[in-house]
Amino acid sequence: MTELAMDVYLYTGSSEKSYHIEITENYEGDKFHVVIFDGKSDLPHDHLETIGLNNEKEVFDYLRKLREE
C-alpha cells in the first residue's frame with residue numbers, strides 16, 4: 001500500500017499569515033506527520049511546528065484552528 005504525502009497551502013483571512021504544510025501518512029511513528037512552515041517567508045520556508053496526529057479528523061481540526069489564529 002502506498003502512503004499518502006501532500007503539501008497544503010493554507011491562506012488565512014489575514015494577508016499577514018499563510019502556511020505551507022507537509023502532511024505524510026505513517027511517518028516517524030505518527031499516523032499523520034504534519035510539518036508547518038511560514039508560507040510568507042522566502043524559500044526555504046521558516047519551520048514553525050511539527051506535530052503527530054492520529055486520524056483525518058484531527059488533521060482537519062488542526063488546519064481549521066490554524067486558519068483561525
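Me: Leaving aside neighbours within four places in sequence, which residues is K17 in contact with?
Reply: The model is a predicted one, and K17 lies in its loop between strand 1 and strand 2. With a relative accessible area of 34%, K17 is partly exposed. Once neighbours within four places in sequence are set aside, the residues in contact with K17 are T12, K40 and E69.

Me: What distance separates the C-alpha atoms of K17 and R67?
Reply: Along the chain these two residues are 50 residues apart, and K17 itself belongs to the loop between strand 1 and strand 2.

Me: Is T12 buried or exposed?
Reply: T12 is found in the loop between strand 1 and strand 2, where a polar atom of its side chain lies 2.9 Å from the backbone oxygen of K17. Not counting residues up to four places away in sequence, T12 also touches K17, Y19, L66 and R67. Its relative accessible area is 13%, and because buried means under 20%, T12 counts as buried.

Me: What is the mean pLDDT of strand 4?
Reply: Over the protein chain the average pLDDT is 89, and 96% of the residues score at least 70. Among the elements of the chain, strand 1 (residues 5-11) has the lowest mean, 93, whereas strand 4 (residues 47-53) has the highest, which is 96.

Me: Why do the buried residues of helix 1 line one face of the helix?
Reply: Helix 1 (residues 56-68) has 13 residues and reaches 19 Å from its first C-alpha to its last, close to the 18 Å expected at 1.5 Å a residue. Its buried residues include V59, Y62, L63 and L66, while K57 and E68, on the other side of the helix, are exposed. An α-helix has 3.6 residues a turn, so residues three or four places apart point the same way. Seen down the axis of helix 1, the buried residues line one face because they fall within an arc of 100 degrees.

Me: Which element gives the most residues to the largest nonpolar core?
Reply: The largest nonpolar core holds 13 residues, of which I21, V34, I36, L53 and L66 touch the most other members. Strand 2, strand 3, strand 4 and helix 1 each supply at least two residues of this core. The element that gives the most, with 4 residues, is helix 1.

Me: Which residue's side chain makes a polar contact with the side chain of H33?
Reply: H33 has its place in strand 3 (residues 30-38) and, at 8% relative accessibility, counts as buried. Beyond its neighbours within four places in sequence, H33 is in contact with E22, I23, T24, Y27, E28, T50 and I51. The polar contact between side chains, at 2.8 Å, joins H33 to D30.

Me: What is the length of the polar contact that joins the side chains of E49 and Y62?
Reply: E49 has its place in strand 4 and is partly exposed, with a relative accessible area of 32%. Not counting residues up to four places away in sequence, E49 touches V34, V35, I36 and Y62. The polar contact joining the side chains of E49 and Y62 has a length of 2.6 Å.

Me: What value is phi of E28 near?
Reply: Most residues other than glycine have a negative phi. In strand 2, however, N26 has a positive phi near 55 degrees. E28, found in the loop between strand 2 and strand 3, is exposed, with a relative accessible area of 60%. Phi of E28 is also positive, with a value near 50 degrees.

Conventions
Residues numbered from 1 in each chain as written. Predicted model: local features only at pLDDT ≥ 70, side-chain atom pairs only at ≥ 80, totals over all residues. Heavy atoms only, no water. Buried < 20%, exposed > 50% of the residue type's maximum accessible area, 1.4 Å probe, protein only. Polar contact = N/O pair within 3.5 Å; in protein donor to acceptor, adjacent residues only side chain to side chain. Contact = heavy atoms within 4.5 Å. pLDDT = per-residue confidence, 0-100. Expected span 1.5 Å × (residues − 1). Arc of directions from axis to C-beta. Core = buried A, V, L, I, M, F, W, Y, C linked by side-chain atoms within 4.5 Å.
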